[in-house]
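Let's take a friendly walk through this model together. Please keep the sequence and the 3D view at hand.

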Amino acid sequence: MTADELRVLDEPIASAGEHRALMSRFPTGVAVVTAADTVGRPHGMTCSSVASVTLCPPTILVCLRVGSATLRAVHEGGAFAVNLLDAEARATAELFSGPVPDRFARVRWIRSHAGLPWLVDDALAMAECRLSRVIPDGDHEVLFGRLLRVTEKPGTPLLYGMRSYSVWRPSSLAGSAGMEDMSA
Ligand SMILES: Cc1cc2nc3c(=O)[nH]c(=O)nc-3n(C[C@H](O)[C@H](O)[C@H](O)COP(=O)(O)O)c2cc1C
């Protein structure tokens with residue numbers, strides 16, 4: 001089949017609602033991406049757009065909304081941290097995606113080795129990343145980060161899918177219902 005026969009160029013672009021419906025059927029972990037601005041103030045926002053890019057060199061990506069204070073701080077500091085949330089940290093996911101002015105006053109956090117905000121109680125794992133590449137596209141920027149250091153602790157991850165939070169439960173414990181819905 002040729003490109004002409006595919007007629008991809010004639011197709012209208014899907015709506016934002018169709019995009020959301022698609023991605024709601026792709027459950028992910030939940031992270032709070034954090035950064036420090038030029039005066040060291042912490043910024044952070046809830047993100048599910050975390051993906052692995054390459055193992056060598058170790059690289060991940062996140063997509064942040066243009067206009068976000070966290071995105072600005074990532075550019076200022078040239079670095080970001082990815083705090084992968086524990087199953088118990090749903091309130092923190094809501095805090096960092098809601099309209100609360102001083103999010104960091106409501107959680108326990110410390111500065112990581114590289115000086116990035118680390119949600120010590122809520123993060124199941126925390127990755128410190130040096131910003132290595134930025135690709136702006138539409139209303140988001142894709143930020144690539146070289147992994148500098150990874151810190152983990154025992155626990156299970158918080159998940160988000162089908163427009164609700166859930167928790168990871170290994171199938172050997174949970175039978176066929178591997179995810180426990182926490183939306184109620
Ligand atoms: C589960 C979940 C995942 C999200 N993932 C992203 C994401 O990957 N990128 C993004 O820009 N916003 C994402 N958001 C939305 C932001 O968290 C939200 O817009 C937040 O208010 C942004 O912080 P700001 O207002 O300080 O910019 C997500 C929200 C939720 C609840």
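The notes below cover the model itself, the ligand site and some backbone details.

## About the model

This is a predicted model, in which local features need pLDDT of at least 70, side-chain atom pairs count only at pLDDT 80 or more, and totals for chains, interfaces and linings use all residues. Residues are numbered from 1 along each chain as its sequence is written, and side-chain values use heavy atoms, with hydrogens and water left out.

## The ligand site

The shell around the ligand holds 15 residues, the closest being T46, S48, S49, C63 and R65; a residue is near if one of its heavy atoms lies within 4 Å. By class, seven of the shell residues are nonpolar, six polar and two charged (Ala, Val, Leu, Ile, Met, Phe, Trp, Tyr, Cys and Pro count as nonpolar, Asp, Glu, Lys and Arg as charged, and the others, Gly among them, as polar).

## Backbone details

C56 and P57 are joined by a cis peptide bond, with omega about 0°. P57 belongs to the loop between β4 (51–54) and β5 (59–65); strands are DSSP runs of E, at least two residues, numbered from the N terminus.

M162 has a positive phi, near 50°, without being a glycine, and R163 likewise has a positive phi of about 65°. M162 lies in the loop between β11 (158–161) and β12 (164–168). M162 counts as exposed because its relative accessibility is 54%, where exposed means over 50% with a 1.4 Å probe and protein chains only.

Definitions and conventions: Helix = DSSP H or I, 4+ residues; strand = E, 2+ residues; numbered from the N terminus. Buried < 20%, exposed > 50% of the residue type's maximum accessible area, 1.4 Å probe, protein only.
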